[in-house]
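Here is a short report on one protein chain. Look at the fold before reading on.

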Amino acid sequence: MRVESDATTGIPPAVTDETAPFWEAARRGRLLVERCGTCGADTFPPRGMCHACRGRELTPVEVTGRGVIYSYTVNH
């Protein structure tokens, strides 16, 4: 059985309590990630839980947006 889906569903993603600070900062031209107060790891996209230690003491912090691309995928 083939299920048809709309490729635009969720674009832009829904604003939730966890993602609201990110979207508000984006409107002002700033990039935020969540920084864990337990282990110090940065988490992106915002999800309300640290990907490294599963802690929930997350604080939005501004980052420069600079980085290194190690890999990428082109979907057809």
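Predicted model: local features only at pLDDT ≥ 70, side-chain atom pairs only at ≥ 80, totals over all residues.

Strands of a sheet pair through backbone hydrogen bonds, and the pairing can be parallel or antiparallel. Here, three strands make up an open sheet. Their order is E2-E1-E3, and they pair in the antiparallel sense. Strand E2 (42-43) and strand E3 (58-63) are at the edges. Each has a single partner strand, so one side of each has no neighbour in the sheet.

Now look at one pairing. Strand E1 covers residues 31-36. Six antiparallel bridges link E1 and E3. Cys-36 has Leu-58, in E3, as its bridge partner.

**Two threonines**

Thr-43 belongs to strand E2. Thr-19 sits elsewhere, in the segment before helix H1 (20-27).

Are these residues buried or exposed? The cut-off for buried is under 20% relative accessible area. Thr-43 has 1% relative accessibility, so Thr-43 counts as buried. Thr-19 has 13%, so Thr-19 counts as buried too.

| Residue | Relative accessibility | Class |
|---|---|---|
| Thr-43 | 1% | buried |
| Thr-19 | 13% | buried |

Which residues do they touch, leaving aside neighbours within four places in sequence? Thr-43 is in contact with Val-33, Glu-34, Met-49, Cys-50 and His-51.

Thr-43 lies in E2, and E2 is one of the edge strands. Even so, Thr-43 counts as buried, at 1% relative accessibility.

Definitions and conventions: Residues numbered from 1 in each chain as written. Heavy atoms only, no water. Pairing = 2+ DSSP bridges. Helix = DSSP H or I, 4+ residues; strand = E, 2+ residues; numbered from the N terminus. Buried < 20%, exposed > 50% of the residue type's maximum accessible area, 1.4 Å probe, protein only. Contact = heavy atoms within 4.5 Å.
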